[in-house]
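Dear colleague,

Please find below the structure that I am handing over to you. My notes on it follow.

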Amino acid sequence: MSEPKAPKIEFPCDYTIKVIGDSAPDFVEFVVAVVEQHAPGISEKDVFVRESRGGRFSSVNLTIVATGEPQLKALFEELKDSGRVHMVL
């Protein structure tokens with residue numbers, strides 16, 4: 001029996017990213033600025049923010065136009081390497 005293959009993404013496409021980090025007054029602006037470098041043209045309607053129940057963490061969901069795997073890889077790496085982001089999904 002063979003392993004099921006992951007579905008292939010056809011680029012360009014709308015792609016939702018979830019970024020989780022410590023709550024801070026500038027966290028959302030930081031995330032949007034980093035994402036904007038890799039996927040310009042984000043509007044306010046493409047950004048959804050949720051605070052954790054205790055207020056310690058923030059979750060930022062963004063929908064971007066993904067152009068390819070190299071773009072997504074570079075974006076994920078920059079967010080993770082920032083030291084401000086715990087997880088990118």
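In what order do the four strands stand in the open sheet? The order is β2-β3-β1-β4, and the pairing is antiparallel. Helices (H or I, at least four residues) and strands (E, at least two) are DSSP runs, numbered from the N terminus, and two strands pair if DSSP finds at least two bridges between them.

Please note that this is a predicted model, in which local features need pLDDT of at least 70 and side-chain atom pairs count only at pLDDT 80 or more, while totals for chains, interfaces and linings use all residues. Residues are numbered from 1 along each chain as its sequence is written, and side-chain values use heavy atoms, with hydrogens and water left out.

At the edges of the sheet are β2 (47-51) and β4, each with a single partner strand, so one side of each has no neighbour in the sheet. β2 and β3 are joined in the antiparallel sense over five bridges. Glu 51 is placed opposite Ser 58 in β3.

Helix α1 comprises residues 27-38. Within α1, Phe 27, Phe 30, Val 31, Val 34 and Val 35 are buried (under 20% relative accessible area; exposed is over 50%, partly exposed in between, with a 1.4 Å probe and protein chains only). Viewed down the axis of α1, these buried residues fall within an arc of 125° (taken from the directions from the helix axis to the C-beta atoms), so they line one face of the helix. Glu 29 and Gln 37, on the other side of α1, are exposed. The buried residues of α1 pack against β1 (13-22), β3 (57-66), α2 (69-81) and β4 (85-88), where contact means heavy atoms within 4.5 Å.

Yours sincerely

Conventions. The expected span of a helix is 1.5 Å times one less than its number of residues.
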